[in-house]
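Dear colleague,

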Amino acid sequence: METTATGAGTSSLLTRRTALKGLAGLGAAGAGLGAMPGFVPYIQAQSSAPIKIGFQVHRTGIGAAYGRWYDRVTTAAATLINEQGGINGRPVEIVAEDDGTDPKRGAEVVEKLATQAGCDVAYGTLFSHVVMGSAPRAGELKIPYFVVSEGHHVASGALNRWTLQPGICDVKSQVSAMAPYITSTLGKKVTMVYPDYAFGHDHRDSLVPAIQAQGGEVIAQIAIPPTETSFTKYFPQIPRDTEVLYHVMVGPAVLTFVKEMGEFFGPSRPEIFGFIDSLEATDLTNPGLEYLDGTYFWEGMPRYAQEGGPQFDAFYREKVGCDANGASVSDPKDISTYAHMFGCWETMFVIKAGMEAAGYAGPSDRQKLIEAVEAMGEMPASEMHPQGAKIFNGKTHQVFGPQYISKVEGGKLVLQHTAPIEAGMYPDEVDYTTMSF
């Protein structure tokens with residue numbers, strides 16, 4: 001096991017007020033993260049032993065590019081937390097273990113972190129099929145499992161009370177917020193191309209009703225196995241009357257997908273709307289991607305620093321080592337997974353806030369930690385929440401936040417539209433707080 005050294009929806013949600021409303025931004029200059037209003041102050045540490053956060057990381061497999069940056073952001077967050085005094089007076093230690101982006105191995109990793117490494121919580125999983133394979137074991141072991149995915153698996157009620165997604169929005173929220181812009185700006189006849197596994201299925205299941213609600217129609221759905229390396233045989237399935245091609249491909253073959261799409265359509269293409277998942281960690285100036293100029297993308301957080309952008313974004317970029325183009329400050333060709341990795345940063349600070357509110361002292365307080373996070377409501381934009389203000393729904397264990405639409409212009413993503421939190425909210429499908437531990 002690898003160990004990173006210490007220091008390294010409903011409208012009712014909008015009026016929730018809890019004792020944890022103190023997720024407001026940092027106070028006056030010099031105020032520490034532990035001194036924010038509304039938080040239980042640091043308790044005297046009962047132990048000098050570190051709080052161990054078990055990091056289930058995709059170091060290998062289809063999620064490796066994400067895993068590398070999830071690791072980098074997690075380390076940066078832990079470093080800042082420790083500089084600010086740790087959690088309840090104790091340092092944070094990140095205990096990392098590769099799950100290979102594999103569901104079976106994911107469950108084994110959760111067990112290893114909980115039983116062999118003695119971690120207080122498990123955290124970090126991105127790919128939906130790995131979450132689905134791992135969360136049941138976390139529930140059996142009664143270890144808080146904080147996922148940084150996008151799947152609707154948590155909010156749908158498919159998992160358990162020990163699993164939460166408090167740092168990044170889910171696909172259903174993202175799609176619901178995007179649909180009005182797609183139908184009003186790009187077109188009403190939509191064909192979607194998606195990967196044939198849990199993440200793609202969430203898009204499939206969410207897009208149809210979202211587009212229909214805006215007076216549009218999904219006229220074709222094309223599922224592609226995640227093992228495919230060439231896509232030319234799929235493009236002829238796209239109906240000729242398609243006005244918008246919606247794509248959400250992921251994995252190492254996405255460059256091939258984009259290039260072959262360009263070769264197939266040539267200059268006579270429909271409007272194209274993609275999720276930046278397709279091109280995370282990819283330099284948009286790469287040869288063959290010129291075809292994307294003029295196309296649109298959802299972004300969880302804008303990769304390129306926008307003129308007049310919030311100070312919180314600049315703070316976050318500096319801490320995680322990203323330049324204004326979303327690349328590593330030490331290597332401009334090392335492009336980050338900027339649209340997703342903020343979820344690690346924000347989730348780490350939710351864990352910190354929850355442990356401090358619960359007076360967390362050890363594994364016997366795990367249930368108190370879950371209940372403390374469930375009590376969180378509004379999370380104002382801050383250095384802890386640089387992607388934007390959020391609302392956490394304790395019943396569904398899912399956070400809601402703003403969504404961004406950008407357009408490729410000259411090899412960069414230029415922000416076009418910001419969808420507010422409310423645009424992505426939907427009625428509750430579960431109430432985890434009624435479930436036993």
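A crossing of two helices is called left-handed if the near helix is turned anticlockwise from the far one by less than a right angle, and right-handed if clockwise. Helices (H or I, at least four residues) and strands (E, at least two) are DSSP runs, numbered from the N terminus. This is a predicted model, in which local features need pLDDT of at least 70 and side-chain atom pairs count only at pLDDT 80 or more, while totals for chains, interfaces and linings use all residues. Residues are numbered from 1 along each chain as its sequence is written, and side-chain values use heavy atoms, with hydrogens and water left out.

Helix packing

The crossing of α4 and α5 is right-handed. Helix α4 spans residues 171–186 and helix α5 residues 198–213; their axes lie 9 Å apart and form an angle of about 45°. Axes here are lines fitted to C-alpha atoms, for helices over the stretch in contact, and angles run from 0 to 180 degrees between N-to-C directions. The angle therefore makes α4 oblique to α5 (under 35 degrees counts as roughly parallel, over 145 as roughly antiparallel, 65 to 115 as roughly perpendicular and the rest as oblique).

On the α4 side, the residues in contact (heavy atoms within 4.5 Å) include Val 171, Val 175, Ala 179 and Ile 182, and among their counterparts in α5 are Phe 199, His 203, Leu 207 and Ala 210. By class, this contact of α4 with α5 has eight nonpolar, four polar and two charged residues. Ala, Val, Leu, Ile, Met, Phe, Trp, Tyr, Cys and Pro count as nonpolar, Asp, Glu, Lys and Arg as charged, and the others, Gly among them, as polar.

The sheet

Seven strands form an open sheet with mixed pairing, in the order β8-β7-β9-β10-β11-β17-β18. Two strands pair if DSSP finds at least two bridges between them. The edge strands, each pairing on one side only, are β8 (217–224) and β18 (412–419). From one strand to the next, the twist averages 25°. Strands β7 (residues 189–195) and β9 (residues 244–247) run parallel and are joined by four bridges; Thr 191 stands opposite Leu 245 in β9.

Positive phi angles

Thr 101, although not a glycine, has a positive phi of about 55°. Thr 101 lies in the loop between β3 (92–98) and α2 (103–116) and counts as buried because its relative accessibility is 6%. Buried means under 20% relative accessible area, exposed over 50%, partly exposed in between (1.4 Å probe, protein chains only). His 397, also not a glycine, has a positive phi of about 60°. The loop between β15 (390–393) and β16 (398–400) holds His 397, which counts as buried at 0% relative accessibility.

Yours sincerely
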